[in-house]
Amino acid sequence: MNNALKDLSADPNVLAIYLAGSLPKGNFDNYSDIDLHTIVMPERIADFLKGKRNRANNWGTVSFHEDYNPSSPYVITHYDTFVKVDS
């Protein structure tokens, strides 16, 4: 999570970062994923989406991505620590 926040916070095209789902609601468990939402400058959205896998690769050691549609606004990344991030 720290790697993701450092990376996204350093990007001048990122306007906001927030958590959704069970973590901010406080009803998470050991199997909960991290729902990390990012608001990007409108004119940079297409480029941001093209690089979504590469960006998530910088946050930890990736086991695999659940990204069935390259034009989708999100990528689901599974890390070797058994953490899953939907970003």
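I started with H65, which counts as buried because its relative accessibility is 18%, under the 20% cut-off. The model I am reading is predicted.

**H65 and its partners**

I placed H65 in strand β3, residues 62-65. Next I looked up its side-chain partners. I found a polar contact of 2.9 Å to the side chain of N57. A polar contact of 3.1 Å links the H65 side chain to that of T77. I then listed contacts, skipping neighbours within four places in sequence: R53, A56, N57, V75, I76 and T77.

**Strand pairing**

I turned to strand β2, residues 34-40. Strand β1 (residues 14-20) pairs with β2 in the antiparallel sense, over six bridges. With strand β5 (residues 84-86), β2 pairs in the parallel sense, over two bridges. I checked D35 on both sides. A20 stands opposite D35, and D35 also stands opposite D86 in β5.

I read a volume of about 350 Å³ for the largest pocket. I counted 19 lining residues, with T38, F48, L49, P73 and S87 nearest the centre. Elements giving two or more residues to this lining are β2, α3 (45-50) and α4 (52-57). Which element gives the most to it? I found β2, with six residues. By class, I noted 12 nonpolar, three polar and four charged residues in the lining of the largest pocket.

I put the second largest pocket at about 160 Å³. Its lining has 13 residues, and M1, W59, Y79, V83 and V85 lie nearest its centre. Here α1 (2-9) and β2 are the elements that give two or more residues. I logged eight nonpolar, four polar and one charged for this second lining.

Notes. Residues are numbered from 1 along each chain as its sequence is written. This is a predicted model: local features need pLDDT of at least 70, side-chain atom pairs count only at pLDDT 80 or more; totals for chains, interfaces and linings use all residues. Side-chain values use heavy atoms; hydrogens and water are left out. Helices (H or I, at least four residues) and strands (E, at least two) are DSSP runs, numbered from the N terminus. Buried means under 20% relative accessible area, exposed over 50%, partly exposed in between (1.4 Å probe, protein chains only). A polar contact is a pair of N or O atoms within 3.5 Å; within protein, one must be able to donate a hydrogen and the other to accept it, and residues adjacent in sequence count only if both atoms are side-chain atoms. Contact means heavy atoms within 4.5 Å. Two strands pair if DSSP finds at least two bridges between them. On a 1 Å grid over the protein atoms alone, a cavity is a set of points where a 1.4 Å probe fits but cannot get out, and a pocket is an open set with protein on both sides within 12 Å along at least five of seven lines; lining residues have an atom within 4 Å of a point. Grid points are joined across faces, edges and corners, and a volume is the space filled by probe spheres set on the points. Ala, Val, Leu, Ile, Met, Phe, Trp, Tyr, Cys and Pro count as nonpolar, Asp, Glu, Lys and Arg as charged, and the others, Gly among them, as polar.
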